[in-house]
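Work through these exercises with the structure in view. Try each task before reading its solution.

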Amino acid sequence: MPFQPPDPHPSGARPPKIPADLVPKHVALVMDGNGRWANARGLPRIEGHRRGEASLMDVAWGCIDIGVRWLSADASSTENWKRSPDEVRFLMGFNRDVIRRRVDEMHSMGVRVRWAGRRPRLWRSVISELEVAERMTVGNSVLTLQFCVNYGGRAEIADAAAAIAADVAAGRLKPGEVNEKVFARYLDEPDIPDVDLFIRSSGEQRTSNFLIWQSAYAEFVFLDTLFPDFDRRHLWHACEIYASRDRRYGGAKPNPLPA
């Protein structure tokens with residue numbers, strides 16, 4: 001069955017013409033500024049989160065439009081437990097309900113849902129909705145949308161190290177066999193490629209512990225727009241910036257010899 005393409009953006013905007021080999025394969029998205037957006041309008045913080053749902057979906061449709069194959073969104077972090085109990089409860093229920101509301105739409109467009117994050121402390125109802133979405137969309141290949149829920153980059157690395165230590169202790173792995181390639185197999189979603197483009201909204205310029213292993217050679221683009229005002233046009237602008245950069249992965253071009 002053919003997948004349904006996304007509706008065009010209401011403005012009529014179309015994606016920029018970027019050569020396919022210069023379009024990032026994997027985009028990481030830090031959805032920042034929901035609280036500030038709400039505060040500026042005299043609204044509760046949770047209203048910013050609610051508005052951010054449509055922004056995330058529009059960015060996902062923009063990924064399909066331009067040819068991005070993987071999108072990772074920081075839905076909630078291991079640090080979010082420090083927030084007020086009311087906001088934590090809202091975020092848990094909101095993440096669950098977003099998946100439930102949107103899974104049929106994502107499935108119809110060929111989106112594969114994946115989940116990265118820790119199980120402890122996460123509501124079982126949230127885990128259940130994520131697992132249902134993963135099973136329903138497992139055969140889709142247009143876009144993989146990785147929801148990072150109860151996720152932290154350091155936590156992921158620590159959990160991987162603990163799993164490696166357990167395998168070494170059990171004799172399933174030799175210490176000398178542990179290298180970067182082996183270590184990466186112990187991460188939450190080892191088959192998802194490294195991040196090419198890391199985008200953060202709201203003007204803040206930090207990674208906030210998001211996909212820090214996978215983003216070792218990512219290009220970073222920080223945009224001033226608060227996330228509830230973010231849409232696929234901002235994604236496309238970031239992709240244009242990405243396409244204009246010279247990616248050398250630690251190498252260097254030789255200096256031209258004097259004539």
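**Exercise 1. Find which residues of H2 and H7 meet.**

Solution. Asp58, Val59, Trp61, Gly62, Cys63, Asp65 and Ile66 in H2 are in contact (heavy atoms within 4.5 Å) with Arg232, Leu235, Trp236 and Cys239 in H7. Sort these residues by type: the contact of H2 with H7 has 7 nonpolar, 1 polar and 3 charged. Here Ala, Val, Leu, Ile, Met, Phe, Trp, Tyr, Cys and Pro count as nonpolar, Asp, Glu, Lys and Arg as charged, and the others, Gly among them, as polar.

A note on the source: this is a predicted model, in which local features need pLDDT of at least 70 and side-chain atom pairs pLDDT 80 or more, while totals for chains, interfaces and linings use all residues. Residues are numbered from 1 along each chain as its sequence is written, and side-chain values use heavy atoms, with hydrogens and water left out.

**Exercise 2. Describe how H2 and H7 pack.**

Solution. Start with the limits: H2 covers residues 45-66 and H7 covers residues 232-244. Helices are DSSP runs (H or I, at least four residues) and strands likewise (E, at least two), numbered from the N terminus. Next, take the geometry. The angle is about 45°, and the axes are 8 Å apart. Axes are lines fitted to C-alpha atoms, for helices over the stretch in contact, and angles run from 0 to 180 degrees between N-to-C directions. That angle makes H2 oblique to H7. Angles under 35 degrees count as roughly parallel, over 145 as roughly antiparallel, 65 to 115 as roughly perpendicular and the rest as oblique. Last, the hand: H2 crosses H7 in a right-handed sense, with the near helix turned clockwise from the far one by less than a right angle.

**Exercise 3. Locate the salt bridge of Asp229 and explain what it ties together.**

Solution. The partner is Arg41, at 3.9 Å from N to O. A salt bridge is a side-chain nitrogen of Lys or Arg within 4 Å of a carboxyl oxygen of Asp or Glu. Asp229 sits in the loop between strand S6 (219-222) and H7, and Arg41 in the loop between helix H1 (34-40) and H2, so the pair ties together parts that are 188 residues apart in sequence. Asp229 is partly exposed at 35% relative accessible area, and Arg41 is partly exposed at 42%. Buried means under 20%, exposed over 50%, partly exposed in between (1.4 Å probe, protein chains only).

**Exercise 4. Which residues are linked with Arg206 in a network of salt bridges?**

Solution. Asp32, Arg36, Arg200 and Glu204 join Arg206 in the network. Between Arg206 and Glu204, the closest N and O atoms are 2.8 Å apart. The structure holds 24 salt bridges.
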